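Trainee: Please take one part of this model and go through it closely. I would like the whole-chain numbers before the detail.

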2 protein chains.
Amino acid sequence: MIFTLRPSAGGAVLALPLVRRTRDPFQGHWALPGGWLDAAEGLDAAASRTLAETTGLTASYLEQLYAFGDVDRSTTRVVSIVYWALLRQDEVDAQRAAHDAAGDAPENVAWSAVEDLPALAFDHNQIITYALWRLRNKVGYSRIAHGLLPDEFTLAELREVNESILGRRLDPANFRRQAEASGTLIPTDRFRTGSHRPARLYRYDVAVELAERGPLSAPPESDHPVPHRIEE
Amino acid sequence: MIFTLRPSAGGAVLALPLVRRTRDPFQGHWALPGGWLDAAEGLDAAASRTLAETTGLTASYLEQLYAFGDVDRSTTRVVSIVYWALLRQDEVDAQRAAHDAAGDAPENVAWSAVEDLPALAFDHNQIITYALWRLRNKVGYSRIAHGLLPDEFTLAELREVNESILGRRLDPANFRRQAEASGTLIPTDRFRTGSHRPARLYRYDVAVELAERGPLSAPPESDHPVPHRIEE
DNA sequence: TCAAAAGTGTTTACCGTACACCCATGC
DNA sequence: GCATGGGTGTACGGTAAACACTTTTGA
């Protein structure tokens, strides 16, 4: 499941690529991009590979979502270990422009806004519903939004990403203070000009981001969990 | 991964069952209980079955944790879709008593406190570390603690469960107010006597619990995600 | 009567929200 | 100048934490 933000009238909207199935079951239907796990690759690697095969891009954020394994979710027995990725809009645009210039735009891939999805193959609509729920939850307590932004961005751009994911407006003044207080933003000396008062550009502190994912992102020093006791 | 609370000097401690491996790789080592996915059962069903085979019990809480699939995590290629379960202490005790009476205590199962784990087979120590991290996170924003308690419990017992998971003392007065304000507790007319002033017994409102798990616990009415737009 | 846990009240600090206001730039 | 978004100040309300205090039982 690959999310990006697509500019649209009245703010950006979340969009994701779908692929048209070329064989049964669900031939001709749209589905989430996916692929088979190779015997010689780990789950993360397989997800990265599938992402690259679909979009030609590398994700700025990639995380395991959930394993779906009901017996009746396909005509054969398939367990899907679903990952979700966030792509920076500028990279998606650049890739699309390159394809357009070369005239080799992928035939069976289409980007769809999440609020305007067709009926998909298998249980893929349900998977998207779950991913959206997780995304909207996570944007509240995590600094996930920068996965959709270029390296340098204004606070207004960051706020608009959050607004697009959450589906509601945020107070610019309060958002600014919370963002600055989070300790994850590094102000630069550069400004975005072009309209009205120039806005300062920020970048993310990547060191902070790693600590949020728990023990999986950075393997613990010891094989043993940290002992913990109640102090009397 | 099966958690329960074991009474101990100075408060309860988290404990989980380990099984001794009877074949290579890691023969003789302790490992997390597990089993193979049957072609005719879903992931949740397989987790329930494995739990029952290990403990003879049904979980009061069962949730998918994570899928582990690095190529080098076993000598053969194995993808483990790990679930975690919470067991009520009274049921574990009853089951153990039944086994002791019948003289058929399971030979290769041992309960170990999480703060005193041996070196386990495969990447199982890492898996436990991750599960503990998730458990401690989740106890903060979810009412997960009641999975470790009998149907009726005092607020002090509920607080002690939270203290055991978090590894620190909580203020009884503040904990009481937060628990009562959560809207998930139903006071009963019964009291726990035996020492000092009797404490009122509470039970959980099960209806509330279901809403916390997101779209997976209760499938959405429609196959399509709820559209959302920013109001201008 | 005393110890100890159950349960209540109060004070403080902090944080999210709302909103008034000033600042700097393009037009 | 003036419209507009960038950026600051401030007041209010809710909630978590700290802790003093009362209540009720067993011993």
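Mentor: The accessible surface of chain A comes to about 12,200 Å², by the Shrake-Rupley method with a 1.4 Å probe. Carbon and sulfur atoms hold 51% of that surface. This is a predicted model: local features need pLDDT of at least 70, side-chain atom pairs count only at pLDDT 80 or more, and totals for chains, interfaces and linings use all residues. Side-chain values use heavy atoms, without hydrogens and water, residues are numbered from 1 along each chain as its sequence is written, and chains are lettered from A and ligands numbered from 1 in the order in which they are written.

Chain A has 6 helices and 9 strands. These are DSSP runs, numbered from the N terminus: helices are H or I with at least four residues, strands are E with at least two. Of the 232 residues in chain A, 43% are buried. Buried means under 20% relative accessible area, exposed over 50%, and partly exposed in between (1.4 Å probe, protein chains only). Take the contacts in chain A with a separation of 6 or more: 59% join residues 24 or more positions apart. A contact means heavy atoms within 4.5 Å.

Now the close look, at Arg21(A). Arg21(A) sits in the loop between S2 and S3 of chain A. Its relative accessible area is 21%, so Arg21(A) counts as partly exposed. A polar atom of its side chain lies 2.7 Å from the backbone oxygen of Pro25(A). Beyond its neighbours within four places in sequence, Arg21(A) is in contact with Phe26(A), Gln27(A), Gly28(A), His29(A), Ala31(A), Ala121(A) and Phe122(A). Asn108(A) is 87 residues away along the chain, yet its C-alpha is 8.0 Å from that of Arg21(A).

Strands S2 (13-20) and S3 (30-31) of chain A also meet helix H3. Buried residues of H3(A) include Ile127(A), Ile128(A), Leu132(A), Arg134(A) and Lys138(A). The buried residues of this helix also pack against S1 (2-6), S4 (61-68), S5 (80-86) and helix H4 (155-166) of chain A.

Elsewhere, an open antiparallel sheet of 3 strands runs S7-S9-S8 in chain A. S7 (153-154) and S8 (185-192) of chain A are the edge strands, each with a single partner, so one side of each lacks a neighbour in the sheet. Pairing needs at least two DSSP bridges; S8(A) and S9(A) share 5.

Conventions: Polar contact = N/O pair within 3.5 Å; in protein donor to acceptor, adjacent residues only side chain to side chain.
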